[in-house]
Amino acid sequence: MRGNRTKVSCALALVLTLGGTLTGCGGDGGGGSGGKVTLRFTWWGNPDRAARTEQAIKVFEKRHPDIDITTSFAGFDTYKAKLATQAAGGDAPDVMQLDYRQINQYATSGILLDLGTYPELRTSQIDKGLLDTGVVDGKRYALPVARGTETMAYDATLWRKAGVPEPTAGWTWDDWADAMRELSKSKATGGRVGGTDPGQSEDVFEIWLRGQGKSLYTEDGGLGFTADDLTRYWEWCTGLRKEGAVSRAEQTTQMDGTVENTPLGRLTAVSDFNWDAPVSGYSAIVGEGLKMAPLPVGDDGTPGQYFKPSMFFGASAKTAHPKQAAQFIDFLLNDQEAGAILGATRGIPANDTLREKVLPKLEGFDQVISAYQKQFEGKFEDPPAAPPKGDASLQGTFARDYDQVSYERMSPREAAEDYITEAKAELRQ
């Protein structure tokens, strides 16, 4: 690799010795040397994603000898904090990986480049509904890399031992609740509860809402639900928790975004709601019995699930090389050789053509995720627009307010009204 580009070994060393600090090991960080253009590219991920990304970049640089790519990566929390600091300081990288909940905030703050004006970026092979999630105020600030959807991961071995019918497509939230009760009462589950208490999850609440024809946010960025809706949801969750059908407060408050610290990961529950890609982390814990089921639907059969972009690529509004940044993003999203190298390391590709070429070559749990997603082709509604600015902090507020409910410091009604008040104030900022 070139001396002014981060090497994989250096990137891995950073992750292992510095806890994933987002920084490069080399590169001039500027205009490059010898008349070459240098682009800084940052992302979150693991060493496997890093190795594959570096391999793909070598191909890009060989085709574009006038462009050098300097790279850096970190774990998600470290990456998110570092990127926020860089963006606030006017030093955002030329090309960056973005989360769904960062798009609106960064776009409206003038941090992201309007990519819709660059013909170098091809979008015809990406589903329009998925593509529109990167549009804010009519401008395309980010492009979806891959797609994911929610699932219920569960230990099918224990499910069968308990004599509980396994979940099927079209099951309702009442069916789910009944299953949680039966699993928790069965001696075959060894004292485990049926599943994780969903009261702390804004993601699950959104699916529950959508199954009733409602939404988390309105098109103009306001709340799409009322205090009555949230009260009803939290009262329902509270009832299940008090019955012992779902995890206790001290178990859900240990959750930190890793599968290992969920009740299923700690082997105190039989199931857990999560996004499909992270479920692979349960394999080593649950074993061969690990399976995935669709989330429950509304009483009238309305599904709340949707395909969500697992992540996006965007470019800095201040990049000195917008055309080259667009060329690089196009390569990562649309090039067949890049697609073969990257595989499903960032999720099942959003590009329809690449997805069809990549899927037959998937191995291990990637095959399970692919099969899980395939059953929903053509059945989901378009995903909602990127959440409004302020949503990222509201996720924490949602979990915090439900913690007060689960520890019985507030009633569901009190907590719901508190959340609505805080959410309205946050969304007005």
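Modeller: Please note that this is a predicted model. In the second largest pocket, the lining has 14 nonpolar, six polar and ten charged residues by class.

Colleague: How much space lies in that second largest pocket?

Modeller: The second largest pocket holds about 680 Å³ of space. Its lining is made up of 30 residues, and Thr218, Glu219, Ala385, Ala386 and Pro388 are the closest to its centre.

Colleague: Which elements give two or more residues to that lining?

Modeller: Those are helix H4 (103-108), strand E4 (135-136) and helix H8 (202-210). The largest share comes from H8, with three residues.

Colleague: Let us turn to cavities. How many of 30 Å³ or more does the structure hold?

Modeller: There are two cavities of 30 Å³ or more. The largest cavity contains about 160 Å³ of space.

Colleague: And which residues lie nearest the centre of the largest cavity?

Modeller: Val145, Leu332, Leu342, Gly343 and Pro349 lie nearest the centre, out of 16 residues that line the largest cavity.

Colleague: Which helices and strands supply at least two residues each there?

Modeller: One strand, E6 (143-148), does so, along with helices H12 (322-334), H13 (336-342) and H14 (352-358).

Colleague: What is the lining of the largest cavity like by class?

Modeller: Ten of its residues are nonpolar, five are polar and one is charged.

Colleague: One last point: what shows where empty space is left?

Modeller: A probe the size of a water molecule is rolled over the atoms, and this shows where space remains empty.

Technical notes
Residues are numbered from 1 along each chain as its sequence is written. This is a predicted model: local features need pLDDT of at least 70, side-chain atom pairs count only at pLDDT 80 or more; totals for chains, interfaces and linings use all residues. Side-chain values use heavy atoms; hydrogens and water are left out. On a 1 Å grid over the protein atoms alone, a cavity is a set of points where a 1.4 Å probe fits but cannot get out, and a pocket is an open set with protein on both sides within 12 Å along at least five of seven lines; lining residues have an atom within 4 Å of a point. Grid points are joined across faces, edges and corners, and a volume is the space filled by probe spheres set on the points. Helices (H or I, at least four residues) and strands (E, at least two) are DSSP runs, numbered from the N terminus. Ala, Val, Leu, Ile, Met, Phe, Trp, Tyr, Cys and Pro count as nonpolar, Asp, Glu, Lys and Arg as charged, and the others, Gly among them, as polar.
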